[in-house]
Amino acid sequence: MTNQITGVNGPITGWLDGHTYLIGLMAYPIRHSMSPTMHNNAFAKLGLNYTYLCFEIGNDKLASAVDAIRTLDMRGSNVSMPNKKEVIKYLDKLSPASEMCDAVNTIVNDQGVLTGYTTDGIGFVQALKAEGIEIKDKIITLTGAGGAATPIAVQSALDGAKEIKMFNIQDDKWVQAEKNVQTIQEKTACKVSLTDLSNQAAFKQAIAESDIYCDATSVGMKPLEDKTLVSDPSWFHKEMVVFDTVYAPRTTKLMEVAQAAGVEHVFNGIGMMIEQGAASFKLWTGQDMPTDYIREIMFTDK
């Protein structure tokens, strides 16, 4: 039996038989996810006998769902909200980054031993690396303290960032932001600070002193697509990188402001989304995802 997946050049023939490895995505809600399209096309392109399926799983069903990974001998699973923290109690081991983030987005099953990883921060670092930009020795201003900002901060510190200037409003994520600062200080050589985003003078100065500005908040995506945390192009300098983790819309308000400032390196979150998936793909299969091919299938404007 063949599994037909449609790519940009027509149907791709993959495999679906008695030897197929199953990989899941456990979250709620999750039927909207683009991950099955990404991974299943990558499996088919490389001729790998895997399939990737979504399972709508919340905290109430998570224990039995994780147990099913072992019982069914699944190769692993992605994990998204609301399960990224809750899942830790059901795993056997954690990667260093997952321990520091206190979150998991990827589970790998090695003969019944379940290890948790977080690939979101790797996605950020690798997306920049794909553009010829290294994190090492860079000064970064980062807004946010949630599910994207935490692994970005941790992975950047682990990969040698010189300094991370974190900004957040004093909302329910503030405690997590304080924890991020403490963890990075204890586990890495990276200098890190946290400032209330209401201190606009400090925010402006931090950006001026930075090599990279990354917005890891939801500002810029629906229903806030007409909003940005930086509205004045003069805050940016042309030599820096401006990175918005939002990828819908393709060009966010922040990106428009940065482009108006003449910033040369302006990116949305598409590269990060693909690269975090590629990191999970490598953990499960041992092979590199054909990221250029996946980008062409999923994100080329028709």
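## An aromatic pair and its cluster

In this predicted model, Phe167 is buried, because its relative accessible area is 3%, which lies under the 20% cut-off. Phe203 is likewise counted as buried, with a relative accessible area of 0%. A pair of aromatic rings is described by the distance of the centres and the angle of the planes. For Phe167 and Phe203 the centres are 5.1 Å apart and the planes stand at 50° to each other, which is a tilted arrangement.

Phe167 belongs to strand 10, while Phe203 belongs to helix 7 (residues 200–208), so their pairing ties together parts that are 36 residues apart in sequence. The structure holds ten aromatic pairs, and one aromatic cluster is made up of Phe167, Phe203, Tyr213, Trp235 and Phe236.

In soluble globular proteins, nonpolar side chains tend to be buried together. Here the largest nonpolar core has 28 residues, and those with the most contacts inside it are Phe124, Leu128, Ile135, Leu142, Ile164 and Phe243. Two or more residues of this core come from each of several elements, including helix 4 (120–129), strand 9 (139–143), strand 10 (163–168) and strand 13. Apart from this core lies another, of 24 residues, which includes Leu48, Tyr52, Ile294 and Phe299.

Which residues does Phe243 contact, once its neighbours within four places in sequence are left aside? Among them are Phe124, Ala127 and Leu128, together with Tyr213, Leu254, Phe267 and Met272.

## The sheet and the helices across it

Strands of a sheet pair through backbone hydrogen bonds, either parallel or antiparallel. In this model six strands form an open sheet of mixed pairing, in the order 4-3-5-7-8-6. Strand 4 (50–56) and strand 6 (93–94) stand at the edges, and because each has a single partner strand, one side of each is left without a neighbour in the sheet. Further inside the order, strand 5 (residues 76–79) and strand 7 (residues 106–110) run antiparallel and are joined by three bridges, with Ser77 standing opposite Ile107 in strand 7.

Helix 1 (residues 35–46) lies across strand 3 (21–27), strand 4 and strand 5, and runs at about 170° to strand 4. Helix 9 (residues 270–285) lies across strand 3, strand 4, strand 5, strand 7 and strand 8 (113–117), running at about 5° to strand 7.

## A closer look at helix 1

Why can helix 1 be called largely enclosed by the rest of the structure? Nine of its twelve residues are buried, so the rest of the structure largely encloses helix 1; the buried residues include Met38, His39, Asn40 and Phe43. At 1.5 Å a residue, helix 1 should span 16 Å, and its end C-alpha atoms are 17 Å apart, which agrees. Just after helix 1, Gly47 takes a positive phi of about 70°.

Most residues other than glycine have a negative phi, and most peptide bonds are trans. Another cis peptide bond, with omega about 10°, joins Ala248 and Pro249; Pro249 is placed in the loop between strand 13 (241–244) and helix 8 (253–260).

Positive phi values also occur in residues other than glycine. Asp73, in the loop between helix 2 (59–71) and strand 5, has a phi near 55°, and Gln111, in the loop between strand 7 and strand 8, has a phi near 50°. Gln111 counts as exposed, because its relative accessibility is 82%.

Definitions and conventions: Residues numbered from 1 in each chain as written. Predicted model: local features only at pLDDT ≥ 70, side-chain atom pairs only at ≥ 80, totals over all residues. Heavy atoms only, no water. Pairing = 2+ DSSP bridges. Helix = DSSP H or I, 4+ residues; strand = E, 2+ residues; numbered from the N terminus. Contact = heavy atoms within 4.5 Å. Axes fitted to C-alpha atoms, helices over the stretch in contact; angles between N-to-C directions. Buried < 20%, exposed > 50% of the residue type's maximum accessible area, 1.4 Å probe, protein only. Core = buried A, V, L, I, M, F, W, Y, C linked by side-chain atoms within 4.5 Å. Expected span 1.5 Å × (residues − 1). Phe/Tyr/Trp six-rings, centres within 6.5 Å; stacked < 30°, edge-to-face > 60°.
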